Amino acid sequence: MLSKRVAIDLGASALRLHLKGEGVVLSEPALVLVSADGERVAGVGVQALSAHADGMTLRRPLRGAAIDDSLALTAAMQHLVGRALGRQRIFKPDVMVAVPPLMSGRDRREVMDAVCRAGARTAYLIDVPLAAAIGAGLPVSTDTAHLIVDLGADATEIAVIAHESTVVSRSAFVGGTHLTASIAAAVNAAGDVDIDSTAAEEAKREIGSAVPLQEERTLRLRGRDRRTALLGEVTIHSGQVSEAMLPHLREIAIALRAAVDECPPSLMTDVRERTGVLLTGGGARLRGIDRYLSAMTGLRVNVAAEPEVCTVRGAGIALESLDVVRRNLLYVR
């Protein structure tokens, strides 16, 4: 077969591309730069950030589980499929796209249409938790139950997977962007220097933790002084960051406990005694998130290797074993 097999993770904050035989070849911000009149796309991903200028707007294809901007979606798919094709345009690729479980049927059709217009021969969709489980190496084709928690930018997807299908599915519309926003809000409310989301993201990455640290850490951030409108600096500490994130972390824990309550007792025995909980997604990189969720649920919680690429890797693997996951797929030729 000369056509390529392509997997796409259509995330709220990142676009990722996986090619058979090459692995993950692209990971870029889920941003599309559009002209003021809304008719011209000036860049996608990294190019959208570097080319950003006055009179242009940055748009995202997805927000939560819904398509936020159809033009951005079309541009993103053309960018990703075009990158996969390269100079070879004769043989159209088979494309698998990972999407949120709560995405509506209408939006799913729009995603598939955008993929086909971008040059795909066949477009498949797979739900994020199933793709993440496959990409993390979980044996989804067995009778043993596995509980997967994918911590994304706009949402946290939770699923119990067994018998080659999703038995329980829960979505909590809280993710990394909410944690970042809560840090920025807390810092800005505490002093006279306002920080933006970039600085708040740095604070989350450098000193953020879902559980108290043994030694307090501090970080100096640059922001805008409200009194003088000039650049200023503010020092924040890890306890302040953790406290700001706590309400959203509780929401994730509540959703996880709800999924546990919905799980049939026989499958829950597998989770409690054998498999535990596996965390995927970029949010799984948050320091101590495994220990926090374990304390809140009483379950063993582990973080997958390379958690942010599990979904796109799993979508690529799913293309190689459609017989295993076909009933979980929506596809068009």
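Buried residues have under 20% relative accessible area, exposed ones over 50%, and partly exposed ones lie in between (1.4 Å probe, protein chains only). The model is predicted: local features need pLDDT of at least 70, side-chain atom pairs count only at pLDDT 80 or more, and totals for chains, interfaces and linings use all residues. Residues are numbered from 1 along each chain as its sequence is written, and side-chain values use heavy atoms, without hydrogens and water.

Helices (H or I, at least four residues) and strands (E, at least two) are DSSP runs numbered from the N terminus. Helix H5 covers residues 176-190. The buried residues of H5 are Gly-176, Leu-179, Thr-180, Ser-182, Ile-183, Ala-184, Val-187 and Asn-188. They pack (heavy atoms within 4.5 Å) against strand S14 (193-194), helix H6 (197-207), strand S16 (231-237) and helix H7 (238-262).

H7 has 25 residues. It reaches 35 Å from first C-alpha to last, close to the 36 Å expected. A kink of about 45° lies at Leu-246, shortly before Pro-247. The bend is the angle between axes fitted to the seven residues ending at a residue and the seven starting there.

Glu-39 is found in the loop between strand S4 (32-35) and strand S5 (41-44). Glu-39 counts as exposed because its relative accessibility is 67%. The C-alpha atoms of Glu-39 and Leu-71 are separated by 8.6 Å, with the two residues 32 apart along the chain.

Definitions and conventions: The expected span of a helix is 1.5 Å times one less than its number of residues.
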